[in-house]
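Please study the sequence and the three-dimensional structure shown below. The paragraphs that follow lead through selected features step by step.

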Amino acid sequence: MNRFVLLLLLVPGGLLAQTPELDALPRNESGQIEFFDLVRLDSALTTKQISTRARAWVATTFRSATDVVQHYDADAGMLIVKGSITIQASLPYLVYYTMSIEARPGRYRAVMNDFRMPDGTQRAPITSVFVPADRAYSFMRESGLGEKLARKTAAQTILNQQQIAGQMKDTSLAMLADLREKMVQKNDSKKDW
């Protein structure tokens, strides 16, 4: 039994099976998982005003905005945030990501990418952490598990990976939608004070 629990703990660090959920996630030209939103706003808004709104969104969305903001230049219209998502599967998993918000007069682009998971002492790209199901099963068998337990553990691995991919997608899209909602809200000066 202890061997089974130990193997489940090792699974997130490099033995998650490739599934259609992961394959269906949007990718950029380099094959990296990426979610983005290009939003047109009031054309009268300047780059600095849009950047300031984005920074205000970060301040209210993240527990510690000062810890997650890696770069902020309101005049250039650039905000880079490094955050994490806690995903609940059979065990809690932590997925790290980078979000960049680039502002231009009357519009902004938000991109979430560089998704990573802990792999030993480093954070490995999520696409390299996931491996095919047959390889996960082979590892379980080579670890000394019997046929039945190896299949059961590999099946749990696949389920974990499906949950990670699904929750990662849902959370990323929800964050982009929340940002959009806050960015398109009009400032009513009468309500400000």
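Which side chain meets that of D114 in a salt bridge? The partner is R116, with N and O 2.8 Å apart; a salt bridge is a side-chain nitrogen of Lys or Arg within 4 Å of a carboxyl oxygen of Asp or Glu. This is a predicted model, in which local features need pLDDT of at least 70 and side-chain atom pairs count only at pLDDT 80 or more, while totals for chains, interfaces and linings use all residues. Residues are numbered from 1 along each chain as its sequence is written, and side-chain values use heavy atoms, with hydrogens and water left out.

The two partners can also be described by their accessibility. Buried means under 20% relative accessible area, exposed means over 50%, and partly exposed lies in between, with a 1.4 Å probe and protein chains only. D114, at 19% relative accessibility, counts as buried, whereas R116, at 25%, counts as partly exposed.

The protein has 193 residues, of which 41% count as buried. It contains 8 helices and 8 strands; these are DSSP runs numbered from the N terminus, helices being H or I with at least four residues and strands E with at least two. Among contacts with a separation of 6 or more, 62% come from residues 24 or more positions apart, a contact being heavy atoms within 4.5 Å.

The salt bridges number 8. One of them joins D75 and K48, with N and O 3.7 Å apart. This pair links distant parts of the chain, as D75 lies in the loop between β3 (69-73) and β4 (78-88) and K48 lies in helix α3 (residues 47-61), 27 residues away. D75 is exposed, at 60% relative accessible area, and K48 is partly exposed, at 47%. Another salt bridge connects R141 with E147, the closest N and O atoms being 3.7 Å apart. Salt bridges with shared partners join R141, E147 and R151 into one network.

Helix α6 (residues 133-142) has the buried residues A136, Y137 and M140. Seen down the helix axis, these buried residues fall within an arc of 100 degrees, so they line one face of α6; the arc is that of the directions from the axis to the C-beta atoms. An α-helix has 3.6 residues a turn, so residues three or four places apart point the same way. On the face turned away from the buried side, α6 carries the exposed residues D134, R135 and E142. Just after α6, G144 takes a positive phi of about 100 degrees.

The whole structure holds 3 aromatic pairs, where rings of Phe, Tyr and Trp (its six-membered ring) pair if their centres lie within 6.5 Å, with planes under 30 degrees apart counted as stacked, over 60 as edge-to-face and the rest as tilted. The ring centres of W57 and F62 are 6.0 Å apart and their planes stand at 90 degrees, so this pair is edge-to-face. Both W57 and F62 are buried. The rings of Y97 and F115 have centres 6.3 Å apart and planes at 40 degrees, so that pair is tilted. It links strand β5 (residues 92-104), which holds Y97, with strand β6 (residues 107-119), which holds F115. Together with F35, Y97 and F115 form one aromatic cluster.
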